[in-house]
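Reader: Before we discuss packing and strand order, could you show me the sequence and the model, and then take my questions one by one?

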Amino acid sequence: MDTMRDRFIATTGRLLDEDPRVAVVLADISSDGFAPARRRHPERVINVGIREQLLIGVGGGLALAGMRPVVHTFASFLVERPFEQVKLDFGHQDVGGVLVSAGASYDWPAGGFTHMAPGDVALLDTLDGWTVHVPGHPDEAETLLRHAVASGDDRVYVRLSLQSNEQPVAVRGEGGFVTVREGSRGTVVAVGPMLGNVLAAVEGLDVTVLYAGTVRPFDGAALRAAGHSDVVLVEPYLAGTSTAAANDALAALPHRVLGLGVGRRELRRYGQLDEHLAAHGLDAASLRERIASFLTR
């Protein structure tokens, strides 16, 4: 199976062929993958080098000129390092674009903490008007990317990861949670690539599982419709990122919310991706213990 990043490169290459408004802006990352597209569309595949603030500025400028920019690099260099430019060149100028990240929270541990971005979605939460997609499978990444590029002049963040579920979910570009299974003791919301571990963790537990391939806007209606006062959020980025959204959705009802995700403590022994999952309690065994404990309290 190809990776989400592989699918992004292939899909965006086709979008460049299909839509003359689409332009791709890179900061060296994935530039080799876009070489064929650059040969076909040299004026719409732009590599600014390792200049992330310029990356965002060029994207914003293209949007002001009527283009639909797709801006890409590692999450830490796309959201965190040039955050002021994201805030001003897209938000303040009130233009749209599609930011597509790679690397996720800790996809490449050998790169060190500079290449980790567990706080990216929480940081974007401080800004108004961003749609945030977190696909859990390459097929979902393609669906959500195509919708993002076609969605007028909206501001969209697509968060890609090496972590992937075995099977895709039939996500919709406009968002909305998908009910994967129903139960009576509580609701577990699995975000993107966390679904596989969540399903393994809740095997035999009487819970509803909702799948979120899109986390902003947050589907509060689906959470309320699940009908449970106990809610667990399992997110592949900073723990608690969506607890406020869940609390707001359930404000009229007595409820409890547990936010599971990446902890704030920096892990300085970088190890492998699976070791990070376990260290943050996001492997199936740890999730089962944490979810079961919460539901029985």
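Predicted model: local features only at pLDDT ≥ 70, side-chain atom pairs only at ≥ 80, totals over all residues.

Reader: Is His133 buried or exposed, and what is its relative accessibility?

Author: His133 lies in strand β5, which covers residues 130–133. Leaving aside residues up to four places away in sequence, its contacts are Leu144, Val156, Tyr157, Val158, Arg159, Gly173, Gly213 and Thr214. Because buried means under 20% relative accessible area, His133 counts as buried, with a relative accessibility of 1%.

Reader: Where do the buried residues of helix α5 fall when seen down its axis, and how wide is their arc?

Author: In helix α5, which spans residues 83–92, the buried residues are Phe83, Gln85, Val86 and Phe90. Two of these, Val86 and Phe90, are also among the residues that Trp130 touches. Seen down the axis of α5, the buried residues line one face of the helix, because they fall within an arc of 150 degrees.

Reader: Which strands stand at the edges of the open sheet of 5 strands?

Author: The strands of this open sheet, whose pairing is mixed, follow the order β7-β9-β8-β11-β12. An edge strand here has a single partner, so one side of it is left without a neighbour in the sheet. The two strands in that position are β7 (178–181) and β12 (256–262).

Reader: By how many degrees are neighbouring strands of this sheet turned against each other on average?

Author: Within the sheet, strands β8 (residues 187–191) and β9 (residues 208–212) run parallel and are joined by 5 bridges, and Val191 has Ala212 of β9 as its bridge partner. Taken over neighbouring strands, with direction ignored, the average turn is 25 degrees.

Reader: What angle does the direction of helix α12 make with that of β12?

Author: Helix α12 (residues 284–296) packs on the sheet, where it touches β8, β11 (230–238) and β12. Its direction and that of β12 make an angle of about 165 degrees.

Methods:
Residues numbered from 1 in each chain as written. Heavy atoms only, no water. Helix = DSSP H or I, 4+ residues; strand = E, 2+ residues; numbered from the N terminus. Buried < 20%, exposed > 50% of the residue type's maximum accessible area, 1.4 Å probe, protein only. Contact = heavy atoms within 4.5 Å. Pairing = 2+ DSSP bridges. Axes fitted to C-alpha atoms, helices over the stretch in contact; angles between N-to-C directions. Arc of directions from axis to C-beta.
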